[in-house]
Amino acid sequence: MKRSWEEAAGRVMVALDYPNAAAAEALVRSLEGIPCFMKVGMQLFYAAGPGFVADLKARGYKVFLDLKMHDIPNTVKGGANSIAKLGVDVFNVHAAGGSAMMRAAMEGVEQALSGNAGLRRPLVIAVTQLTSTSQTVLNDEIGIGGSVADAVVRYAKLAQEAGLGGVVASPQEVQLIKSACGASFQTITPGIRPAGADIGDQSRIMTPRQALEQGTDYMVIGRPITGAPDPRQALESIIEELV
Ligand SMILES: O=c1ccn([C@@H]2O[C@H](COP(=O)(O)O)[C@@H](O)[C@H]2O)c(=O)[nH]1
């Protein structure tokens, strides 16, 4: 199925994994006019703070705030409340925190929205198993038995029951998640590597085209873009692969 260039671009979330606002801002400027998401993770957020996120939103960017909260329910509720007030489009928690913690995140969002009619409702998603986690690490280090795919689907169902709208997983698990949770349950997939790209610390990977063919909703891509000699050209060539 052919899709427009804009639709293809809108499925890419560029990971702004930079040590400071100036470096991230340079990348954002180099991608100006491309309607992708900007993903702010912990490295940038801890250095540049909520002001950087608020500035991106004020300039009209779609923002995924990837802080992967994992704490007691009351703390996550408070964190979700603060994040929702920033007006981000997507944010996440770890499904490993359990259903009470995930429900608390949703309560934090509801509280923020009820006090502010102008706020948009963010998509709240849960990390299932990190895309750097291999079968061996899951079984021998984390201590969860069975296949990675089974562990991912179990967390996806738990997240859905807690009221979340989607999950972070690898593209390899997208079809199983959609079968278990329905087509509208969103899948956000890191672990994307164009053919020939350095895998780095990722374990469960696919190319952009393969991920799309699995039915992923959004793909998170960092180093294949940010580490390229010409990041704009790298992103444009990924988008061409998705059209
Ligand atoms: O399971 C996960 C959850 C989050 N991430 C984040 O996505 C990007 C991926 O960056 P690459 O450079 O393309 O590997 C990064 O910000 C991670 O924190 C993930 O990789 N896996």
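I began with the ligand and noted that strand E8 (218-221) and helix H11 (223-226) each supply at least two residues of the shell around it, where helices (H or I, at least four residues) and strands (E, at least two) are DSSP runs numbered from the N terminus. The model is predicted, so I kept in mind that local features need pLDDT of at least 70 and side-chain atom pairs count only at pLDDT 80 or more, while totals for chains, interfaces and linings use all residues. Residues are numbered from 1 along each chain as its sequence is written.

I then listed the 15 residues around the ligand, of which Ala 15, Leu 130, Pro 190, Gly 222 and Arg 223 come nearest; a residue counts as near if its C-beta atom, placed from the backbone, lies within 6 Å of the molecule.

Next I traced the sheet, in which 8 strands close into a barrel in the order E1-E2-E3-E4-E5-E6-E7-E8 with parallel pairing, two strands being paired if DSSP finds at least two bridges between them.

I looked up strand E5 (residues 123-127) and found 4 of its 5 residues buried, so E5 is largely enclosed by the rest of the structure; buried means that 20 or more other C-beta atoms, placed from the backbone, lie within 10 Å of the residue's own. On one side, 5 bridges join E5 to the parallel strand E4 (residues 90-94), with His 94 opposite Val 127. E5 also pairs in the parallel sense with strand E6 (residues 166-168) over 3 bridges, and there Ile 125 stands opposite Gly 166.

Last, I checked E7 (residues 186-189), which is joined to E8 by 2 bridges in parallel, with Ile 188 opposite Tyr 218.

Key:
A residue is buried if 20 or more other C-beta atoms lie within 10 Å of its own, exposed if 12 or fewer, and partly exposed in between; C-beta atoms are placed from the backbone.
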